[in-house]
Amino acid sequence: MLHVPWGRKSESGQALVLMVGVVFAAVATVGLIVDGGNVLSHQRISQSGIDAVAESGAVMLAKRLAGTTEPSGGWDANIASKMAQSAAANNITLSAAYYTDVCGIPLRADGTAALTVDEKEDLSVAMKVGNTSNALPTAGATTPDCPNRVVGPVAGVMAFGQAIVPSYVARAIKIDSFTVTVQATAVAGYLQGYCSATQGQYCGILPLTIPVDVMTCNGNNSPNDSGEAWTWDVLVKVPLCSTASGNVGWLDWTPPNGGTSELVCSILHPNNPSIDLPSWDYVTSTGNVNGGGGSCSMSVQDAVRTYDGQVVLIPQFDLTCRTKSGDPNPSSSQPAIITPPNYGCPNDVGGGSGQNVWYRMPSFAFFELCSPTTDGCGTYSGAYMQGNNSDVCNTGNGATSCLVGKFVDILATGTVGAGVGSGTGNKALGVQLIK
């Protein structure tokens, strides 16, 4: 019988232990590279998801701030529902959500700051979204002071979420998944710097929509899409081509009645509903409208020129939807409105002409209309809509009507408030991620 010395048995066992350790370390290293990269990728995806969840809650608060009628079930229940829908659409488990002011400071039920004595967040006393009382925090200070931690009224939401990321290599060492934790705060407020859009003041909104891309007119006065975005802070001429879809659409805020005959009154006395971004809106007539109409007894051109020298809000569109007899209206609800390929349209997007076309509005442009007294405008006014102004509007593309001015900013997230019908315009509200 072969006898192995004791010392050699011990060395063999040590080598086996060492080999297991090396294999374990190798698996851990590969797992760190493969699964670590996968977790980081999902972290970014999940952060975008929780951002969308927080924004969906803030958009509802923007609608409330804009004066929209309280929805059935109350604001809190509807905010919670919208956030839950957004979380599901983004594969996020919504752990908790709390109300904040415009500074992002969490609020108690009585509207005071949910902060500790050393001014750190105390979520244990903060009012939750989806609370049992179905209420919002009561009014706090009317003038928040963010640096000094003085809170204002409820204006935002703070959302916390999780996502489970399955592992690959790490399964070999009994780690089946990783948990990604994310957080976002979004707030709603009045836009500053354009249209005097501070609280209690208003912006004019024109009941027409222009494309997000530069449009030109061909020799037949039909629209051509350049595929390039408008240039900002320089004088531009926005052509109004003929009645083909895809150029300029005149909006009917109260379909199906009225239509073109209401245009002048809608320009002079904005009567639009509260408009979320993005959303579908109804178009009664595309292209240039030369005449006036309705009880306001003025031409469309003269009505628009009442805003000469001012910054107005103009809806922009990126898609059209043609509805047929028996079709439902396009859906502006999340997530349908942002889901390709139809984005809530009951048919394939695109096409349609004349009346009964819906346009998808992803943004509003802040557009400064020219006047003869505006720097850089020369003798131009803001609107040439009689169809006989090729001397002004024809920049080599055949246009005979146009708007003249410059794009100064864009509103791409949030809500534009309902028209007040008094000729003073609309409150412009935005939603912003702050952390």
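This is a predicted model: local features need pLDDT of at least 70, side-chain atom pairs count only at pLDDT 80 or more; totals for chains, interfaces and linings use all residues.
Pro-211 has a bridge partner in strand 12, and that partner is Phe-317. Phe-317 belongs to strand 12, covering residues 311-317. Is Phe-317 buried or exposed? With a relative accessibility of 6%, Phe-317 counts as buried, because the cut-off for buried is under 20%.

Now let us look at the whole strand. Seven of the seven residues of strand 12 are buried, so the strand is largely enclosed by the rest of the structure. Which residues point which way from strand 12? Val-311, Leu-313, Pro-315 and Phe-317 point one way, while Val-312, Ile-314 and Gln-316 point the other way. Both sets are buried.

| Strand joined to strand 12 | Bridges | Direction |
|---|---|---|
| Strand 4 (residues 204-205) | Two bridges | Parallel |
| Strand 5 (residues 208-211) | Two bridges | Parallel |
| Strand 15 (residues 363-369) | Six bridges | Antiparallel |

Gly-204 stands opposite Val-312 of strand 12. Ile-314 has its bridge partner in strand 15, namely Ala-365.

**The chain as a whole**

Stepping back, how many helices and strands does the chain have? There are five helices and 19 strands. The chain is 435 residues long, and 44% of them count as buried. Among contacts with a separation of 6 or more, 74% are between residues 24 or more positions apart. The chain exposes about 20100 Å², and carbon and sulfur atoms supply 53% of that area.

**The largest pocket**

Rolling a probe the size of a water molecule over the atoms shows where empty space is left. The largest pocket has a volume of about 870 Å³. It is lined by 36 residues, and the closest to its centre are Asp-276, Leu-277, Pro-278, Ser-332 and Gln-334. Elements that give two or more residues to this lining are helix 1 (6-65), helix 2 (75-89), strand 10 (275-277) and strand 11 (279-286). Which element gives the largest share of the lining? That is helix 1, with six residues. Sorted by class, the lining has 19 nonpolar, 11 polar and six charged residues.

**Some backbone details in the loops**

A few loop residues deserve a look as well. The loop between strand 13 (319-322) and strand 14 (357-361) contains Pro-341. The peptide bond from Pro-340 to Pro-341 is cis, with omega near 5°. Tyr-343 also lies in the loop between strand 13 and strand 14. Although Tyr-343 is not a glycine, its phi is positive, at about 55°.

Look for Glu-119 in the loop between strand 1 (93-100) and strand 2 (156-166). Glu-119 is partly exposed, with a relative accessible area of 44%.

Conventions. Residues are numbered from 1 along each chain as its sequence is written. Side-chain values use heavy atoms; hydrogens and water are left out. On a 1 Å grid over the protein atoms alone, a cavity is a set of points where a 1.4 Å probe fits but cannot get out, and a pocket is an open set with protein on both sides within 12 Å along at least five of seven lines; lining residues have an atom within 4 Å of a point. Grid points are joined across faces, edges and corners, and a volume is the space filled by probe spheres set on the points. Helices (H or I, at least four residues) and strands (E, at least two) are DSSP runs, numbered from the N terminus. Ala, Val, Leu, Ile, Met, Phe, Trp, Tyr, Cys and Pro count as nonpolar, Asp, Glu, Lys and Arg as charged, and the others, Gly among them, as polar. Buried means under 20% relative accessible area, exposed over 50%, partly exposed in between (1.4 Å probe, protein chains only). Contact means heavy atoms within 4.5 Å. Accessible areas come from the Shrake-Rupley method with a 1.4 Å probe; for residues, only the protein chains shown count as cover. Two strands pair if DSSP finds at least two bridges between them.
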